[in-house]
Amino acid sequence: MLERWRPYALWPARVWGTIVAVLMLLPQDSFPESKLLSYDKLAHLGVFFIFSILVLSGYQLQGKLESKETNYKKLSLTICLVFGAILEILQQLIPGRMADIYDLLANFLGALFGVIVFMIFIKNKLAFEKLIL
């Protein structure tokens, strides 16, 4: 049953990435004033935390996380870092927006935290499954 869904395993990450790109590339005045949006770095951290978990979940559903040829944890971090860097560079072209190295750092730290949490969860899940079985 899971086999037929493997080609679509990365679609949640792709959809999330598209939503993030659209929101990050909107002009700044498109957003209403809000106390929640004033925590910009936390928002970046959270968005890329979710993005890295979605990417790793897709690789896990495809059965690629145990691959000896490719380190998918590093690949996930690289994807998030490059994606975040491209978005920061593109923000220079948007009126009212500007690139910020601290946003990029928050993106990377969110992705790193997501990878760490994902791997702890997977390790504990596998240990729990071995204990029960």
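Me: Is Lys41 buried, partly exposed or exposed?
Reply: In this predicted model, Lys41 has a relative accessible area of 33%. Buried requires under 20% and exposed over 50%. Because 33% falls in between, the class of Lys41 is partly exposed.

Me: Which residues are linked with Lys41 in a network of salt bridges?
Reply: Side chains of opposite charge can pair when their charged atoms come close. The side chain of Lys41 meets that of Asp100 at 3.0 Å, N to O, and that of Asp103 at 2.7 Å, N to O. A search of the whole structure finds 2 salt bridges. The residues linked with Lys41 in the network are Asp100 and Asp103.

Me: How many residues apart in sequence are the parts that the pair of Asp100 and Lys41 ties together?
Reply: The side chains of Asp100 and Lys41 meet in a salt bridge. Asp100 lies in the loop between H3 and H4, whereas Lys41 belongs to helix H2, so the pair ties together parts of the chain whose separation in sequence is 59 residues.

Me: Which helices hold Asp103 and Lys41, and how many residues apart are they?
Reply: Asp103 and Lys41 form a salt bridge through their side chains. This pair links distant parts of the chain. Asp103 is in helix H4 and Lys41 in helix H2, with a separation of 62 residues.

Me: Is Asp103 buried or exposed?
Reply: The relative accessibility of Asp103 is 6%. The cut-off for a buried residue is under 20%.

Me: Where is Asn107 placed, and which residues does Asn107 touch beyond four places in sequence?
Reply: Asn107 has its place in helix H4, residues 101-132. Asn107 is buried, with a relative accessible area of 1%. Leaving aside residues up to four places away in sequence, the residues touched by Asn107 are His44, Phe48, Gly84 and Glu88.

Me: What does Leu65 touch, apart from residues up to four places away in sequence?
Reply: With residues up to four places away not counted, Leu65 touches Leu56, Tyr59, Gln60, Tyr72 and Phe118.

Me: How is H1 oriented relative to H2, roughly parallel or roughly antiparallel?
Reply: The axes of H1 and H2 come within 8 Å and cross at roughly 155°. The contact is made by residues including Trp16 and Val20 of H1 and Phe48 and Phe51 of H2. The crossing is left-handed. Angles over 145 degrees count as roughly antiparallel, so the orientation of H1 relative to H2 is roughly antiparallel.

Me: In what order do the elements of the protein run from the N terminus on?
Reply: The secondary structure comes to 4 helices and 0 strands. From the N terminus on, the order of the elements is α-α-α-α.

Key:
Residues numbered from 1 in each chain as written. Predicted model: local features only at pLDDT ≥ 70, side-chain atom pairs only at ≥ 80, totals over all residues. Heavy atoms only, no water. Helix = DSSP H or I, 4+ residues; strand = E, 2+ residues; numbered from the N terminus. Buried < 20%, exposed > 50% of the residue type's maximum accessible area, 1.4 Å probe, protein only. Contact = heavy atoms within 4.5 Å. Salt bridge = Lys/Arg side-chain N within 4 Å of Asp/Glu carboxyl O. Axes fitted to C-alpha atoms, helices over the stretch in contact; angles between N-to-C directions. Parallel < 35°, antiparallel > 145°, perpendicular 65-115°, else oblique. Left-handed = near helix turned anticlockwise from the far one by under 90°.
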